[in-house]
Amino acid sequence: MTCEAYRELLEKELSGEITESERADLLAHEAACPACREEHAQYLQLDRDLSHLASSVPPMPEDFHRRYMEKISEESHPKGKLRLSLPRIGRALAAAACAIFLIGGTLMTRDTLHRRLRSSDYSLAQEAASGNGLRKTISAPAQETVMTFSTADAGAGVYEMAYMAEEAEMDTADEDDVYTGDDAESHIKLIRNASLTLSTTDFSQVLSSLQELCKTCNGYISWQSEYENYSGLKRANLTLRIPQEKYDDFLSRTQALAQVVRREETTEDRTASYRDTAARLESQKALLERLNALVSEAGDLKDLLELQSQISDTQYRIDSLTSQLKGTDDLVQYATFSITLEEATRQTEAANPSLTLGERLMRALQYGLENLGDFLSDMLLFLAAALPFLLPLALLVVIIVLWARRRASRRKD
Amino acid sequence: MDERTLIHRAQKGDTGAFEQLALPCEQMVWRVCYQLTGNQEDAEDCAQSTMIKAWKRIGQFSGSSAFSSWIYRIAVTTSTDLLRSRSRENTVSLTDLTESGFDPPSRLPGPEESILHADRDRRLREALARLSPEHRVPLILFCVEDKKYAEIASLLGIAEGTVKSRIARARHLLRREWTEDTAQEGRTSI
């Protein structure tokens, strides 16, 4: 038997799994191999020494029992059983904070999110809303069932923005230019805009009446869109251009068609900028005449080419200024009406006393379910919108918690 | 009052019942914690933790085994966890500990221990402390605590074959160290 095979038998011997015949082989090898015999002896000595450790245990600390029982008593009888533990309060507070964040966030952002998600012109309209002009807002009587949409403002907003850009250009114009207009009355250039939100149960009838009224007042429809909202109610956005002199007439007759939920009027005085543009136009025209006169006096070809280039540039400026004046004239002559027409919600109808209590209850229940569905979808939208903020925040919290735990465990150790 | 009743009452929050259950197991818990950790300070920490864990987990105790077996298992797990965490942080031999002021308990003169035996036990514990927890724990349970392979496998949650191979490996490593140590000690004493 080799020493290698012997070691396998020795392992069995030490673990108490050796058979009689294997033990005989083991002893036979040991008789012939002193090194293996010595190894076996060392193992046996080691086992004896190890087993001796069993009796070399120091006495248990005297206060061992008292210490763990005190700890157990503290654990089982915390100070004031009714008092909530800190982790429990923390969990309750965290849950409350999450609920407030979700519900509050949804309620606070639902209108903004709806507008932003439904109208691509919304941001433009918002920017324009901060432009120059005289603006007055008239609050309509409370109408709890109608949600106000002001996407129709976008049409007027585009115009307002265009004129804001013009004004910026005007500021850099030559201050010495003098307006030489014809009569004093035509100098006042007022651009009037109105934004209305109307609510009606007879949506189609009111819409056609509005279109008819626009024709009667010699106006025209600049833009119109119709759609149904998530509750199945119809909604139309219209941008109407009405002659200035018919402004008040159209406004009063429109308000008579349906209930006014929101009304906003803007009057913008463009007189000063118009004057500047007109003065610059006159100046350019005078320059053009002078240049044309110089052409006949030009001596050589080089001068002639230079003059032609200047005439071309001046003509371009004249065209541009004329176009600006015409644009302003158009806006002055035609007021812009941005109208949102909404179909009245079912809650208004439910308030109708002709319905029985059962029907009203059913409708109220249906309305509640619809609102719940809307609220949940709004909550999802809010969460999606908040996700870019929540993810880094969550990451930060995880890092802080991990860091705090690691620190705590180090301290403990 | 029988053990089952005491367990039932302890599970309902009766600390007195738990005390009656734990009291007879204290020496055993202390012994196994000391054997596995190899020093009094760690043994005290582990034994205290074992008792408190047993109280906290008494509700999960099904009663399928004896309470002493259950608490023994907790003591082994707690000690093994401590050894593992120490092993991860730093491997410090008992020699280093002794040099840094740690006084091994076996040096304390016991009335029934001779100075010679105390010294031998101290050196053997030093040699054991140099083994990894994976090797040290099964070897001590087998050779010192006199547990069977199957019991060790159950206590440590590993296969019986793994227990055998770890013990064989631990024996091999310890014999090498122990033989060298003994030889060196013999030369020093001469």
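Let me start with one residue: Leu213(A) is buried, at a relative accessible area of 6%. Buried here means under 20% relative accessible area, exposed means over 50%, and partly exposed is in between, with a 1.4 Å probe and protein chains only. Leu213(A) sits in helix 8 of chain A, residues 203-216. Helices are DSSP runs of H or I of at least four residues, strands are runs of E of at least two, and both are numbered from the N terminus.

A word on the source. This is a predicted model, in which local features need pLDDT of at least 70 and side-chain atom pairs count only at pLDDT 80 or more, while totals for chains, interfaces and linings use all residues. Residues are numbered from 1 along each chain as its sequence is written, chains are lettered from A and ligands numbered from 1 in the order in which they are written, and side-chain values use heavy atoms, with hydrogens and water left out.

Back to Leu213(A). Which residues does Leu213(A) touch, not counting those up to four places away in sequence? They are Phe250(A), Arg253(A), Thr254(A) and Leu257(A), where contact means heavy atoms within 4.5 Å. Between Leu213(A) and Thr254(A) there are 41 residues of sequence separation and 7.9 Å in space, C-alpha to C-alpha.

Chain A has 13 helices and 6 strands, and 35% of its 413 residues are buried. Of the contacts in chain A between residues at least 6 apart in sequence, 80% join residues at least 24 apart. Chain B has 10 helices and 0 strands. In chain B, 48% of the 190 residues are buried.

Next, the rings. Over all chains there are 12 aromatic pairs. Rings of Phe, Tyr and Trp (its six-membered ring) pair if their centres lie within 6.5 Å; planes under 30 degrees apart count as stacked, over 60 as edge-to-face and the rest as tilted. Phe101(A) and Phe382(A) have ring centres 5.4 Å apart and planes at 55°, so this pair is tilted. Phe101(A) is in helix 5 (residues 86-118) of chain A and Phe382(A) in helix 13 (residues 357-412) of chain A, so the pair ties together parts 281 residues apart in sequence. Phe101(A) counts as partly exposed, at 38% relative accessibility, and Phe382(A) counts as buried, at 8%.

Phe250(A) and Phe337(A) make an edge-to-face pair, 4.7 Å centre to centre with 70° between the planes. Phe250(A) lies in helix 9 (residues 247-257) of chain A and Phe337(A) in strand 6 (residues 334-343) of chain A, 87 residues apart. Both Phe250(A) and Phe337(A) are buried. In chain B, ring pairs join Phe18(B), Trp55(B), Phe61(B), Phe67(B) and Trp70(B) into a cluster.

On to charges. The structure holds 28 salt bridges over all chains, each being a side-chain nitrogen of Lys or Arg within 4 Å of a carboxyl oxygen of Asp or Glu. One of them joins Glu22(A) to Lys12(A), at 3.0 Å from N to O. Glu22(A) is in helix 2 (residues 20-32) of chain A and Lys12(A) in helix 1 (residues 3-15) of chain A. Glu22(A) is buried, with a relative accessible area of 17%, whereas Lys12(A) is partly exposed, with 34%.

Last, where the chains meet. How many residues of chain B are in contact with chain A? The count is 41 residues of chain B, against 33 residues of chain A. The two chains bury about 3,600 Å² between them, 62% of it on carbon and sulfur atoms; buried area is the accessible area (1.4 Å probe) that two parts lose on being put together, summed over both. Gln48(B), Arg171(B) and Arg175(B) supply 18% of the area that chain B buries against chain A, more than any other three residues. There are 5 salt bridges between chain B and chain A. Arg175(B) takes part in a salt bridge with Glu39(A), at 4.0 Å from N to O. Elements giving two or more residues to this side of chain B include helix 4 (40-57) and helix 10 (160-189) of chain B.
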